[in-house]
Amino acid sequence: MAGRRLSRWGRVWLAGLWWLALPFTVTESHGCSLAAHATLPVTLRMGVFTLFQPRFVWLRAHDRPAALQLTGQTFRLSPQMTCRIEHTASGLVIWQGNQLMAASDRLTVAAADVTLEVVGRKTRVQRQFQGTLAITALEKCLQLVVTQPVDAVVAAVVSAELPPDAPLEASKALAIVVRSYVAHQVGRHAGEGFDLCDSTHCQLFLGDQWIRQEAGGKTGGKLSVVAQKVAADTAGEVLQNVDATIYSAYFAACCGGRTTSPDVAFGAGLDQSGVACRWCKASRFFTWTRQVDRRRLARALLAETSVTDDIRIEVANRTADGFVASLAVTIGSRQIVVPNHRFRHLVGQQLGWNLVLSSRYVIEPRGDALVLRGHGFGHHVGLCLDGSLAQARAGRTHQDILRYYFPQATVGPCRVGR
Ligand SMILES: [Zn+2]
Ligand SMILES: [Zn+2]
């Protein structure tokens, strides 16, 4: 399982980036304007390697030559050869070894013909995609956009999110949720020239094949045949509202016993009721405990905290369904109240994303430390992945699973066309 999915820590790190959706984009991304989409786009433009903001990438041709289309010229990359695309002040240039081969401001290539490689500060990532790849020189970095059919994106997401032995019905349920989600979110990055980004801000998207090398370790994965089949078998099916518009559907790793509404989880957005879930009880994330030094935690929230300060950090308010709404942070004579989504954002940035795994938790003092005991992993909205796997293993169908987590929605075919 681990070989085909992100490492546990990789998933924790990436899942922690959910806060990127908050709150500066939340009005655009969860607002009513997007709910009007009643048709499914034919293709999606996925911004890839968006967190890297690369200044250079490598392209490697496969067993046949790759034709790189530049403005007014074509550069042919021979089989198994690699070239380096570099950002410059005046556009992008293509290098082979030390030889400058071509210059332009944009190139496109059949994505299936090349492997793309990006090197970060501590990581080296290779990915392969279907469709068309466009590389454009922006002011400070290269922008990479892959255009591919919606169901190719659905299959890639299902493949990356579920274990290879996932029951078919759980895979179908997720395929329909992902299709609904991407259709609802189309155009979120329209101003930047693509539809969705590949981080958890929009949708974690790794393409058809990927290898990540980090700290001496290597993880990777490949598009599964099952994921392609469920994307094809459920083609066109989406979750819908009563007025036949596409339902704003989400999924998360484990709800820990209860899902909630987007407005609770994200601090803004739609009001959709959550459900009680007894199916994820066997998940390793159903309950969790973490411990942190209270001064360390206070400094993550208020940098000027002194070691002599008397510090209290408590849950101030909860929602009716038990999720933390805000926290009271008392340092000496000062007290601030921090919304929970802001708290998780600050703690994640400063102390890592493996400390506050969800928004349903209690805080207990223990000497100089604070103990956090919580339920679930992720934002708690929509489909509970671990719960849906358990339901499918118990013989429930994908329709049963979707009715369970989305009682306000129905499943039906959607008109195709942008
Ligand atoms: Zn995004
Ligand atoms: Zn659950």
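Me: A helix here is a DSSP run of H or I of at least four residues, numbered from the N terminus. In this predicted model, in which helix is Leu 297 found?

Reply: Leu 297 belongs to helix α8, which covers residues 294–301.

Me: How do you know whether Leu 297 is buried or exposed?

Reply: The relative accessible area of Leu 297 is 1%. Buried means under 20%, so Leu 297 is buried.

Me: What does Leu 297 touch, leaving aside residues up to four places away in sequence?

Reply: Leu 297 touches Val 292, Ile 313, Phe 343, Val 347, Leu 351 and Leu 370. A contact requires heavy atoms within 4.5 Å. Leu 297 and Val 347 are 50 residues apart in sequence, yet their C-alpha atoms are 7.2 Å apart in space.

Me: What makes α4 largely enclosed by the rest of the structure?

Reply: Of the 12 residues of α4, 11 are buried, so the helix is largely enclosed. Among them are Val 150, Ala 156, Ser 159 and Glu 161. Helix α4 spans residues 150–161 and reaches 17 Å from its first C-alpha to its last, close to the 16 Å expected at 1.5 Å a residue.

Me: What is the order of the open sheet of seven strands?

Reply: The order is β5-β4-β9-β12-β13-β2-β14, with mixed pairing. Strands β5 (73–77) and β14 (196–197) are its edges, since each pairs on one side only. Helix α4 packs on this sheet and touches β2 (43–48) and β13, its direction making about 105° with that of β13.

Me: How do you know that β12 and β13 pair, and in which sense do they run?

Reply: Pairing requires at least two bridges. Strands β12 (residues 132–137) and β13 (residues 142–149) are joined by six bridges and run antiparallel. Opposite Ala 134 stands Val 145 in β13.

Me: Why is the site of the zinc ion (ligand 1) called tetrahedral?

Reply: Four donors count as tetrahedral if all angles lie between 85 and 135 degrees. The angles among the four donor atoms here are 99 to 115°, and the site is tetrahedral. The protein donors are His 189 (NE2), Cys 197 (SG), His 201 (ND1) and Cys 202 (SG), at 1.9 to 2.3 Å from the ion. Their spacing in sequence is H-x7-C-x3-H-C.

Definitions and conventions: Residues numbered from 1 in each chain as written. Chains lettered and ligands numbered in written order. Predicted model: local features only at pLDDT ≥ 70, side-chain atom pairs only at ≥ 80, totals over all residues. Heavy atoms only, no water. Helix = DSSP H or I, 4+ residues; strand = E, 2+ residues; numbered from the N terminus. Expected span 1.5 Å × (residues − 1). Buried < 20%, exposed > 50% of the residue type's maximum accessible area, 1.4 Å probe, protein only. Donors = N, O, S within 2.8 Å, 3.2 Å for Na, K, Ca; no water. Tetrahedral: all angles 85-135°; square planar, octahedral: opposite > 155°, others 65-115°. Axes fitted to C-alpha atoms, helices over the stretch in contact; angles between N-to-C directions.
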